[in-house]
Amino acid sequence: MPGSLNPTAMARLLGPWNTGAAPAYRELADVVRLLVMDGRIPLDVALPSERALAVTLGVSRTTVTAAYASLREQGFLSGGQGSRGRTGIPHRTVPVSGPGLAIPDGVLDLAYASLPATGEVVHRAFADALIDLPALLPGFGYDAVGLPPLREAIADRYTAAGIPTTAAQILVTSGAQHALNIILKTLAGRQQKVLVEHPSYPNALDAIRASGSRTVPVPMPPAAEPTSGGSAEPASGGWDIDAMVAAMRHQRPAMAYLVPDFHNPTGRIMSNLQRRRLVRDAAGTGTVLVVDETLRELNLDDVSTSPLAAFSPAVVTIGSLSKSHWAGLRTGWIRAEEDLISRFVQTRTTMDLGGPIVEQLAAARLLRAFTEPLDARLAELRRNREALLGLLAEHLPDWHVERPRGGLTAWCRLPTPSSTALTVVAPDFGVRLAAGPRFGVGGAFEHFMRVPYTLAPAQLETAVLALRDAQARIDASPQLRRTLKAPQEAAAIA
């Protein structure tokens with residue numbers, strides 16, 4: 001049966017919570033939230049009454065009442081005023097980086113990285129798609145493989161990039177996440193292993209867990225200490241290829257999920273030398289290399305690399321228009337050898353019978369004129385990136401920022417293991433974040449925070465100033481930083 005927490009035990013857990021860094025009720029609510037999120041106050045436990053806790057803590061009942069009211073409003077406490085509320089986790093915070101969540105007015109969302117549509121270009125593609133639609137209306141509208149014009153357009157782009165591809169090697173999906181779910185269900189499944197970079201894309205980690213597969217994380221080399229301006233380059237190359245291949249040989253994962261092109265969250269890009277070594281040394285291990293190229297076109301530094309599939313026909317590639325054009329298109333794809341595509345199609349039909357037709361027609365139009373909106377988008381992202389790096393160096397000089405070569409995000413090392421605490425406190429300052437552990441396994445990356453540069457420079461300035469103020473509150477409240485036990489902290493800074 002659910003239990004209750006007596007005032008003395010709760011006071012012990014709270015520790016020195018009242019530091020004067022903020023109103024007392026807010027400090028009390030912040031620490032309780034963190035204790036609930038960290039599991040030190042279990043879920044569905046009744047907290048002490050307002051009166052009893054106020055007496056034990058030596059504060060006014062008004063302070064406890066206001067703190068409990070704040071926790072109820074945020075979903076961490078059930079029940080009305082006067083009743084003994086029970087602890088809980090609000091649905092809207094899980095996953096904290098997930099899109100589609102209601103964001104209060106005035107709060108800047110840095111929890112997930114995405115861009116608005118490329119305006120007129122996307123609008124025109126949909127208008128043209130409606131012109132093409134009547135020719136398809138006599139059909140049933142189900143197509144588990146994808147419309148031929150779209151598959152041909154995707155195949156032509158790979159061929160132009162030096163990877164001869166036919167439409168038979170393409171399966172159209174409802175976005176990159178849908179593609180990954182199809183691949184996981186086909187190649188991995190329950191109790192099989194999936195190798196990932198560590199850190200990695202959180203929605204991919206969620207998909208791997210949901211599939212019943214076991215994650216094999218391989219750490220990426222740390223960034224070097226910053227030499228100037230607070231930003232740093234990765235030390236010893238962006239990936240530890242030897243460690244990845246060793247894990248494939250000894251752990252025998254069914255597949256490896258990799259983001260070599262402007263890796264999420266670090267923004268790194270794998271060199272051609274490392275790509276060639278990875279494909280060569282992974283051959284014969286039985287591990288299928290699955291590559292997510294969703295961010296490949298967001299090449300801010302004009303780095304020249306070949307797609308990983310150029311080094312082996314056995315590589316499975318995931319692509320999408322979500323980052324280059326618009327996530328609302330919900331159009332992605334899988335490129336693989338024909339026999340694998342047949343297997344993926346069989347899996348797909350157990351999940352759905354095909355994607356929406358109009359979106360596929362629009363996507364085909366966009367792929368035929370792929371570069372039209374890209375120059376302006378890249379120029380905007382370059383301005384945003386430089387603005388963010390400059391603002392972080394000026395206002396948060398103790399944050400060590402790895403300079404991204406492309407993509408949408410910067411990976412920041414914090415001076416203390418306070419990522420979760422910062423995520424809890426930041427909404428009070430008008431910013432929503434995704435904590436570092438969302439990008440790892442086993443509670444790692446409390447020392448890290450991903451910060452997107454998808455907002456305009458003026459908004460980024462507001463966000464960074466808010467981060468500075470939130471960080472100051474945490475620095476003034478040691479209790480807020482007590483988010484992890486020592487073993488987890490060690491994993492976070494490895």
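Predicted model: local features only at pLDDT ≥ 70, side-chain atom pairs only at ≥ 80, totals over all residues.
I started at Leu353, which sits in the loop between α11 (338–348) and α12 (357–368). Helices (H or I, at least four residues) and strands (E, at least two) are DSSP runs, numbered from the N terminus.

Residues are numbered from 1 along each chain as its sequence is written, and side-chain values use heavy atoms, with hydrogens and water left out.

**Surface patch**

I looked up what Leu353 belongs to: with Phe140 and Tyr142 it forms a nonpolar surface patch, about 460 Å² of accessible area together. Patch residues have over 30% relative accessible area and no salt bridge; nonpolar side chains (Val, Leu, Ile, Met, Phe, Trp, Tyr) are joined within 5 Å, like charges within 9 Å. Areas are Shrake-Rupley with a 1.4 Å probe, and for residues only the protein chains shown count as cover. Leu353 counts as partly exposed because its relative accessible area is 47%; buried is under 20%, exposed over 50%, partly exposed in between (1.4 Å probe, protein chains only).

**Whole chain**

The protein chain has 16 helices and 13 strands, and 54% of its 494 residues are buried. Of the contacts (heavy atoms within 4.5 Å) between residues at least 6 apart in sequence, 73% join residues at least 24 apart.

**Glu197**

I then went to Glu197 in strand β3 (residues 193–198). Glu197 is buried but has no salt bridge, and the nearest side chain of opposite charge, Arg268, is 9.0 Å away. Lys and Arg count as positive, Asp and Glu as negative; His and chain ends are not counted. A salt bridge needs a side-chain nitrogen of Lys or Arg within 4 Å of a carboxyl oxygen of Asp or Glu.

What does the Glu197 side chain pair with in a polar contact? I found the Trp239 side chain at 2.8 Å. Polar contacts are N or O pairs within 3.5 Å; within protein, one atom must be able to donate a hydrogen and the other to accept it, and residues adjacent in sequence count only if both atoms are side-chain atoms. A polar atom of the Glu197 side chain also lies 3.0 Å from the backbone nitrogen of Val259. Beyond four places in sequence, contacts of Glu197 include Val218, Met220, Tyr257 and His263.

**Salt bridges**

The count comes to 26. I checked Arg368 with Asp156 at 2.8 Å, N to O. This pair links distant parts of the chain, Arg368 in helix α12 and Asp156 in helix α6 (residues 148–160), 212 residues apart. Asp156 is partly exposed at 39%.

Arg296 and Asp261 meet at 2.6 Å, N to O. Arg296 is in the loop between β7 (288–292) and β8 (316–320) and Asp261 in the loop between β6 (255–258) and α10 (272–282), so the pair ties together parts 35 residues apart in sequence. Arg296 counts as buried at 17% relative accessibility, and Asp261 is buried at 0%.

Asp469 and Arg468 pair at 3.3 Å, N to O. Asp469 is partly exposed at 32%, and Arg468 is partly exposed at 33%.
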